[in-house]
Amino acid sequence: MPLSLLGEDANPLQAMAMTLSLYGGARSRASMPRWYMEEKGIPYQWVQLDMEAGEHRQQPFININPFAKVPALVDSAFSDSQGQPLNLFESGAILLHLAEHYGGEFQGPGGAQRRALASQWVLFANATLAIALFVPTNREKEFPRLMEVLDRLLAGGRSLLAPLAGPDAVGDWSVADCAVNAYLAYLPIFFPQLDLSPYPNVQATISATQARPAYLRGMGLA
Ligand SMILES: N[C@@H](CCC(=O)N[C@@H](CS)C(=O)NCC(=O)O)C(=O)O
């Protein structure tokens, strides 16, 4: 059963028990942290803004993100000296906050290393991969370069943090996979004309992502 609750459908008792509200729009980057929460079974309230009507540019949302962009997360488990909850924007910052405090990804031995590498991959996804995909002047030069390396790293369905678990381990799905694979799975949606056949492991990763029930829920498709 999806964990998400659309605003008006929310059961008030369940909503009160929730500390996390994720703000997003249809077909927006909010699907990335939403996928993470669905995958990890983290309860949250999903608040879908009507972006076509400009709801993200108005109060109360611009109190949460003054830049008027989604996603944004409100976490009432954290509060400032005025008792105000933590308001967080930028999908990468949201993902790392969730992985640290709700996904339990950086606990125990090796936690500091996992955190460092998770940050590396989340920043790579948002600052390098996203630019290579979505900035047309970069696509021709950067895209093949990045895909060749990713194709090698993803061989055998490996998780991006699998090297920490040993050379042959497939490893657990992590926030690193969420950040990178969310962009890879955008490829057939936004660039259906792109030939991905030189990158079979990337293709297999996209198919595996699309088959994950939590991914479909995060995308609002199930
Ligand atoms: N770097 C930001 C990008 C956020 C972003 O550009 N969000 C888009 C939706 S995918 C948005 O809110 N656009 C509305 C606008 O700019 O008015 C992140 O990763 O969170």
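Tutor: Happy to. A residue is called buried if 20 or more other C-beta atoms lie within 10 Å of its own. Buried residues make up 35% of the 222 residues in the protein. Keep in mind that this is a predicted model.

Student: Thanks. How many helices and strands are there in the protein?

Tutor: The protein has 9 helices and 4 strands. Starting at the N terminus, the order of elements is α-β-α-β-α-β-β-α-α-α-α-α-α.

Student: And what share of the contacts with a separation of 6 or more comes from residues 24 or more positions apart?

Tutor: Those pairs account for 59% of them.

Student: Let's look at H4. Which of its residues are buried?

Tutor: Helix H4 covers residues 91–101. Its buried residues are Ser91, Gly92, Ile94, Leu95, Leu96, Leu98 and Ala99.

Student: What covers the buried residues of H4?

Tutor: The cover includes helices H2 (31–40), H5 (111–134) and H7, together with strands S3 (72–79) and S4 (85–89).

Student: Let's take the helices one by one. At what angle do H2 and H4 cross?

Tutor: They cross at roughly 15°, and their axes come within 9 Å. Angles under 35 degrees count as roughly parallel, so H2 is roughly parallel to H4. The crossing of H2 past H4 is right-handed.

Student: Which residues meet there?

Tutor: From H2 you have Met32, Pro33, Tyr36 and Met37, and from H4 they meet Ser91, Ile94, Leu95 and Leu98. By class, the contact of H2 with H4 has 7 nonpolar residues, 1 polar and no charged.

Student: Why do residues three or four places apart point the same way in an α-helix?

Tutor: An α-helix has 3.6 residues a turn, so residues with that spacing point the same way.

Student: Nice. What about H4 and H5, at what angle do they pack?

Tutor: The angle is about 155°, and the axes are 9 Å apart. That makes H4 roughly antiparallel to H5. H4 passes H5 in a crossing that is right-handed.

Student: Which residues of H4 and H5 meet?

Tutor: Ser91, Gly92, Leu95, Leu96 and Ala99 of H4 meet Ala118, Ser119, Val122, Leu123 and Asn126 of H5. The contact of H4 with H5 divides into 6 nonpolar and 4 polar residues, with no charged ones.

Student: And how far apart are the axes of H4 and H7?

Tutor: Those axes are 10 Å apart, and H4 packs on H7 (residues 175–190) at about 155°. That makes H4 roughly antiparallel to H7. This crossing of H4 past H7 is right-handed. On the H4 side the contact has Gly92, Leu95, Leu96 and Ala99, and on the H7 side Val175, Cys178 and Ala179. The contact of H4 with H7 has 6 nonpolar residues, 1 polar and no charged.

Student: Switching topic: which residues are around the ligand?

Tutor: They are Ser28, Arg29, His56, Ala68, Lys69, Val70, Pro71, Glu90, Ser91 and Asn126. By class, this shell has 3 nonpolar, 4 polar and 3 charged residues.

Student: What's the backbone like at Val70 and Pro71?

Tutor: The peptide bond from Val70 to Pro71 is cis, with omega near 5°. Pro71 sits in the loop between H3 and S3. Gln59 and Pro60 are also joined by a cis peptide bond, with omega about 0°. Pro60 is in the loop between strand S2 (45–49) and helix H3 (61–64).

Student: What is phi at Glu90?

Tutor: Phi of Glu90 is about 80°, a positive value although Glu90 is not a glycine. Glu90 lies in the loop between S4 and H4. Glu90 counts as partly exposed because 18 C-beta neighbours lie inside 10 Å.

Student: And Arg27, buried or exposed?

Tutor: Arg27 counts as exposed, because it has 11 C-beta neighbours inside 10 Å. Phi of Arg27 is positive too, near 50°. Arg27 belongs to the loop between strand S1 (20–25) and H2.

Student: Last one: where is Thr205, and what does it touch?

Tutor: Thr205 is in helix H8 (residues 200–210). Leaving out residues up to four places away in sequence, Thr205 touches Leu154, Asn181 and Leu184. Thr205 counts as buried because it has 24 C-beta neighbours inside 10 Å.

Key:
Residues numbered from 1 in each chain as written. Predicted model: local features only at pLDDT ≥ 70, side-chain atom pairs only at ≥ 80, totals over all residues. Near = placed C-beta within 6 Å. Nonpolar A, V, L, I, M, F, W, Y, C, P; charged D, E, K, R; others polar. Axes fitted to C-alpha atoms, helices over the stretch in contact; angles between N-to-C directions. Helix = DSSP H or I, 4+ residues; strand = E, 2+ residues; numbered from the N terminus. Parallel < 35°, antiparallel > 145°, perpendicular 65-115°, else oblique. Left-handed = near helix turned anticlockwise from the far one by under 90°. Contact = placed C-beta atoms within 7 Å. Buried ≥ 20, exposed ≤ 12 C-beta atoms within 10 Å, placed from the backbone.
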